[in-house]
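Let's sit down with this model and learn to read it together. Here it is.

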Amino acid sequence: MDVTGFALLLGFYLLGYALQSGLQLPIPANVLGMLLFTAALFLKWVKLEWVEEASAFLIRHMLLFFAPFVVGTMVFFPYIGEHALQIIASLLLSTFGVLLTTGWSAKAVDAAFGKRRPGKNAGAKEDISG
Amino acid sequence: MSLSELVHEPLFGVTLTVAAYAAALKLHERWPRIHPLFAASAAIVVLLLASGIPYESYRIGGDYITFMLGPATVALGVPLYKNAARVRCHAAAILAAVTTGSVSAILLSAALVWSLGGSMELIITMMPKSVTSPIALEISRQAGGIPELTAVLTVLTGLIGSMFGPALLRAAGVRDDIALGAAIGTAAHGIGTARIMRDSEQAGSVGGFAMGVAAIVTSLLFIPLYAWLQ
């Protein structure tokens with residue numbers, strides 16, 4: 001993994017953290033860091049080739065970084081068990097409902113504005129996930 | 001060094017997580033229906049329960065792994081930048097869909113828990129579960145829910161959306177990258193985004209963008225709710 005890119009990503013995360021805690025913003029440090037980092041890319045303060053390799057590695061293995069959180073749900077298994085019907089039914093149904101509502105709205109608005117472009121995967125050719 | 005001392009080393013949790021993930025990825029390559037995050041996490045839970053190793057010991061190393069989510073989320077800026085032209089020409093659709101989705105996430109979970117006879121505390125705890133966990137947790141705390149349980153439900157929501165979302169959406173006729181990414185990013189935050197990023201960089205970059213917008217929209221939607229819930 002390219003170390004310059006990794007250092008820059010950590011730097012923007014730190015910047016997001018400093019802003020979030022300093023200004024008491026209601027947005028998490030990593031999301032703030034992402035917004036600042038994206039802005040820096042557009043402003044050409046950060047060149048794509050500096051960060052491309054490190055970003056590709058981290059994004060390709062992002063599911064790994066969530067694993068301890070999923071394992072941590074085991075502490076609540078007894079509580080979830082007690083309220084199993086309410087929790088599991090509403091988790092499944094509301095997640096499916098949100099997925100469909102959002103997906104169908106995006107389709108409907110896109111159709112209304114007539115901005116459908118040919119080829120649903122156009123532009124996705126350069127796959128960074130390797 | 002005894003075994004019980006060994007499991008208190010950060011190295012234990014780090015090694016177990018990376019090894020379980022590596023094995024789960026191999027299974028996923030062989031059988032694509034197996035979700036790598038689900039398989040890895042389930043294997044770790046079973047191992048901890050079977051061996052009697054406390055979760056608190058595992059967590060010492062697990063925290064090192066989750067730390068990497070910080071730089072990985074920042075890294076989502078790269079695909080967003082590379083796909084900016086496509087995202088910009090669909091910006092209206094994405095913003096409208098994410099806002100609609102964020103409102104429906106709050107209303108649907110509240111209505112479902114209420115109709116199934118859940119307590120007010122459980123309703124509030126469930127309401128912010130579609131947004132990224134640090135925000136969901138903070139909203140739950142301010143609104144009078146159980147923040148730790150909200151964090152857990154947020155992770156499970158992400159996992160459900162990540163496991164079943166792509167297939168459900170395709171079956172419902174939502175096939176293009178823009179709508180798919182918006183739906184997954186809104187309903188299943190980073191866990192869903194990480195999953196679709198493996199299929200399409202474009203869908204993944206829309207997912208990362210939608211996740212950020214949903215986080216901001218949901219935080220704003222809760223401001224009037226705080227007063228009403230007090």
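Q: How many helices and strands does chain A have?

A: Helices (H or I, at least four residues) and strands (E, at least two) are DSSP runs, numbered from the N terminus. Chain A has six helices and zero strands, and along the sequence the pattern reads α-α-α-α-α-α.

Q: Before going on, what should I keep in mind about the numbering and the model?

A: Residues are numbered from 1 along each chain as its sequence is written, with chains lettered from A and ligands numbered from 1 in the order in which they are written. This is a predicted model: local features need pLDDT of at least 70, side-chain atom pairs count only at pLDDT 80 or more, and totals for chains, interfaces and linings use all residues.

Q: Which domains does chain A have?

A: Bounds come from an automatic or database domain assignment. For chain A it gives domain 1 (1–60) and domain 2 (73–116), and 29 Å separate their centres, taken over C-alpha atoms.

Q: How many residues of chain B are in contact with chain A?

A: Two residues are in contact if their C-beta atoms, placed from the backbone, lie within 7 Å. Here 94 residues of chain B are in contact with 71 residues of chain A. Helix 8 (residues 91–115) of chain B gives the largest share of chain B's side, 14 residues.
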